[in-house]
Amino acid sequence: MIENALILGAYLFCIGFYGLITSRNMIRALMCLELIFNAVNINFVTFSNYFDTQERKGEIFSIFVIAIAAAEAAIGLGIILTIYRNRKSTRIDQFNLLKW
């Protein structure tokens, strides 16, 4: 059972990483980053259940990762909306246009 969960986590991580490095759209890049966070959470919970069945350290750490991912998504969407309002585009190569 642990192998299946780790394979799923690795598969999700690879899909997210590939999407992150090949994406030109900022919203797609944020979605791929969330996919990477979810893969890490799957691995945390899997290792927590495998190595220490009495304590729930992996699950608690996953909740913190989910909270950080939610804050990152809110800040990232705010930046994307600012760029879209100024330039009418969400392309990553136009991200440096916020500089003075």
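My helices are DSSP runs of H or I, at least four residues, numbered from the N terminus.

A note on what I am reading: this is a predicted model, where local features need pLDDT of at least 70, side-chain atom pairs count only at pLDDT 80 or more, and totals for chains, interfaces and linings use all residues. Residues are numbered from 1 along each chain as its sequence is written, and side-chain values use heavy atoms, with hydrogens and water left out.

Next I looked up the geometry. Helix α1 (residues 2-22) packs against α2 (residues 26-51) at about 160°, with the axes 8 Å apart (axes are lines fitted to C-alpha atoms over the stretch in contact, and angles run from 0 to 180 degrees between N-to-C directions). That makes α1 roughly antiparallel to α2 (over 145 degrees; under 35 is roughly parallel, 65 to 115 roughly perpendicular, the rest oblique).

Then I checked who touches whom, with contact as heavy atoms within 4.5 Å. Among the residues that meet are Leu12, Phe13 and Phe17 in α1, and Leu33, Ile36 and Phe47 in α2.

I moved on to α2 and α3. Their axes come within 9 Å and cross at roughly 175°, and the two helices are therefore roughly antiparallel to each other. Their contact holds 15 nonpolar, six polar and four charged residues.

Key:
Ala, Val, Leu, Ile, Met, Phe, Trp, Tyr, Cys and Pro count as nonpolar, Asp, Glu, Lys and Arg as charged, and the others, Gly among them, as polar.
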